[in-house]
Amino acid sequence: MKKQISYITPGQTAKALILIYLTFSVPIVILGALVAAVQSGIASGGMSSISLANIVLAFFSALILNALIGFALLWIACHAYNWVAGRFGGIEIALTDAPDDEDDD
């Protein structure tokens, strides 16, 4: 049985996908913070507390910006999908009934 996705709720979809997006961006931001720490001199012991504070600030700023920009772009993408689906049709998916398992209690 074929079905079409004709509408995606922008707010809920963006909220759910941004959490998935952040799980992938956290390791990248951590790697960036480590690179910044090495370049600031943490490896040679010459890093000041101001440099460390700047790196921590940059780390959290990057995560917040990733979340805000990602949410906005996903929200726009959902609206764009809804516009396209309304005019040309949505993504088609094939659905089948799941087999009945007798082992389920």
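Hi everyone, let's begin with a count: this structure holds one salt bridge, meaning a side-chain nitrogen of Lys or Arg within 4 Å of a carboxyl oxygen of Asp or Glu. Before going on, a word on the source: this is a predicted model, where local features need pLDDT of at least 70, side-chain atom pairs count only at pLDDT 80 or more, and totals for chains, interfaces and linings use all residues. Residues are numbered from 1 along each chain as its sequence is written, and side-chain values use heavy atoms, with hydrogens and water left out.

So which residues form the salt bridge? K2 pairs with E92, and their closest N and O atoms are 3.9 Å apart. The pair links distant parts of the chain, with K2 in strand 1 (residues 2-5) and E92 in strand 2 (residues 91-94), 90 residues apart. Strands here are DSSP E runs of at least two residues, helices are H or I runs of at least four, and both are numbered from the N terminus.

How accessible are the two partners? K2 counts as exposed because its relative accessibility is 65%, while E92, at 49%, counts as partly exposed. The cut-offs are under 20% relative accessible area for buried, over 50% for exposed, and partly exposed in between, with a 1.4 Å probe and protein chains only.

Now to the largest nonpolar core: its six residues are V29, A33, A37, I55, F59 and L63. Helix 1 (10-40) and helix 2 are the elements that give two or more residues to this core. Such a core is a set of buried Ala, Val, Leu, Ile, Met, Phe, Trp, Tyr and Cys residues joined through side-chain atoms within 4.5 Å.

Last stop, V56, which lies in helix 2 (residues 49-88). V56 counts as partly exposed because its relative accessibility is 40%. Its C-alpha atom is separated by 9.7 Å from that of A37, 19 residues away along the chain.
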